[in-house]
Amino acid sequence: MTSLEPNENSIKSLNDISLEEMAQRQQQQNIYVSPPVLETQKEQEQEQQQLLQLLHQVQQNESSISSRSSSKHLHRDTTTKGKYSLNDFQILRTLGTGSFGRVHLARSIHNGRFYAMKTLKKERVVNMKQVEHTNDERRMLKLAQHPFIIRMWGTFQDCRNLFMIMDYIEGGELFSLLRKSQRFPTPVAKFYAAEVFLAIEYLHRLDIIYRDLKPENILLDKNGHIKLTDFGFAKEVSDVTYTLCGTPDYIAPEVVATKPYNKSVDWWSFGILIFEMLTGYTPFYDPTPMKTYENILNGTITYPDYLPPDILDLLQKLIVKDLTKRLGNLQNGSDDVKNHPWFKEVIWERLLSRDIETPYEPPITSGVGDTSQFDRYPEDKELDYGISGVGDPYGNNQINYLLKYISLLD
Ligand SMILES: Nc1ncnc2c1ncn2[C@@H]1O[C@H](COP(=O)(O)OP(=O)(O)OP(=O)(O)O)[C@@H](O)[C@H]1O
């Protein structure tokens, strides 16, 4: 099946489809590429010194670091811009929780369609100093329109919360699929990596650095194509920036070391993502974030023997500390990644038009609005949504600043 339409007969659950079968389906599709050249990573001397500096920085920037597990990373955003209000939606179950609030399944009372409604508590956004990131998130999402990027339809606010209305993506997180599968066969990892590549390449063309690439932020639509979500750290930068943010396992060394950095941080994370999809773990993992940072700065990776030479070559060119050598950051930019032998079978135009069969179709059995692919979260019985201005508990200077800031952007 190569069409984009859901095919009821071919919907299989993860339990019904083996990884080998997924791989076979990808191989049959003949989507994807070869050769090596190893390079030695430059030893950097002042790591210990940087670590101390880092510890200080991390403590100061705690609020800008995403986590990995059920309650993932950070967020932000929104404003009352004409079109939507809370009254337009019926709020249904929680799909996920974040640092600033919940993401709900919501149904339009006008057209009956399902959406994901992301809520952010203003108080938390302000206290965690994420006003700017919140505004950036909304701005970036408005700007970005791509088949592999979540679409945002509108934003609004009440006196306590900010709301973002996005497409509801039924298939759940790539993270869940990866944890269930442990690791993906090469063709499966290649498929997801290639779709992610197109999303990142597009964002970089718009001078947007995504900064939070990881399987938790990659959703699967009903046909199994990816949608990049969570633009809480995305930023429009044509040159370099400095903020320490991201998710520890995925952060590039120049970010850890608080050096100026550019779009190439996304290519580093892209390497980590491919590594995790193929192995089931991240290369610098440690239960303690500080140790993870130390591992990143040390830059030593043990590649498992089962990784074939072509992928080894790609990973060793992406997960490289020396920015003058990192693929994606060289003269040919993202084309070097795209043209790497590992991707040689990928027919990029077909992939972009979603004309390639996906390796896995999420088992969406109850049609639109099906939430079976999402974990259950305890529901908040006393949602404070829809409270209007009078008696605003956050009507202090901080929140006024936030509101002013947001309205400036509108
Ligand atoms: N458009 C969507 N469709 C379906 N589910 C979604 C959508 N957006 C988010 N989710 C679910 O909600 C979860 C939290 O969303 P998101 O990562 O945007 O929140 P967050 O507040 O940024 O979280 P964090 O603090 O971890 O960054 C996601 O991991 C996903 O499971």
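Q: Hi! How many residues sit between strand 4 and strand 5 in their hairpin?
A: Hello! There are 3 residues between strand 4 and strand 5 in that hairpin. Keep in mind that this is a predicted model.

Q: Thanks. Do those two run parallel or antiparallel, and how many bridges join them?
A: Strand 4 and strand 5 (residues 161-167) run antiparallel, and 5 bridges join them. Take Gly-154 as one example: its bridge partner in strand 5 is Ile-165.

Q: What's the strand order in the open sheet?
A: The order is 1-2-3-5-4, a sheet of 5 strands with antiparallel pairing. Strand 1 (89-97) and strand 4 are the edge strands, each pairing on one side only. From one strand to the next, the twist averages 25 degrees.

Q: Which helix packs on that sheet?
A: That's helix 4 (residues 131-143), which touches strand 3, strand 4 and strand 5. The direction of helix 4 makes about 150 degrees with that of strand 4.

Q: Okay, over to strand 2 and strand 3: how many bridges do they share?
A: They pair over 5 bridges in the antiparallel sense, with strand 2 spanning residues 102-108. Within that pairing, Ala-106 stands opposite Tyr-115 of strand 3.

Q: I'm curious about Lys-118. Where is it found?
A: Lys-118 is in strand 3, which runs over residues 114-121. UniProt, in an unreviewed entry, places a "binding site" feature at Lys-118.

Q: What does Lys-118 touch?
A: Leaving out residues up to four places away in sequence, Lys-118 touches Val-103, Met-164 and Met-166.

Q: Switching to domains: how is the chain divided?
A: Domain 1 takes in 86-169 + 366-402, and domain 2 takes in 173-353. Their C-alpha centres lie 27 Å apart.

Q: How many residues of each domain are in contact with the other?
A: On that count, 13 residues of domain 1 are in contact with 21 residues of domain 2. The side of domain 1 that touches domain 2 has 9 nonpolar, 2 polar and 2 charged residues.

Q: Last one: which residues of helix 9 are buried?
A: In helix 9 (residues 289-298), the buried residues are Thr-292, Tyr-293, Asn-295, Ile-296 and Leu-297. Just after helix 9 comes Gly-299, with a positive phi of about 70 degrees.

Conventions
Residues are numbered from 1 along each chain as its sequence is written. This is a predicted model: local features need pLDDT of at least 70, side-chain atom pairs count only at pLDDT 80 or more; totals for chains, interfaces and linings use all residues. UniProt positions are given in the numbering used here, feature names are shortened, and annotations may be inferred rather than shown by experiment. Helices (H or I, at least four residues) and strands (E, at least two) are DSSP runs, numbered from the N terminus. Two residues are in contact if their C-beta atoms, placed from the backbone, lie within 7 Å. Two strands pair if DSSP finds at least two bridges between them. A residue is buried if 20 or more other C-beta atoms lie within 10 Å of its own, exposed if 12 or fewer, and partly exposed in between; C-beta atoms are placed from the backbone. Domain bounds come from an automatic or database domain assignment. Ala, Val, Leu, Ile, Met, Phe, Trp, Tyr, Cys and Pro count as nonpolar, Asp, Glu, Lys and Arg as charged, and the others, Gly among them, as polar. Axes are lines fitted to C-alpha atoms, for helices over the stretch in contact, and angles run from 0 to 180 degrees between N-to-C directions.
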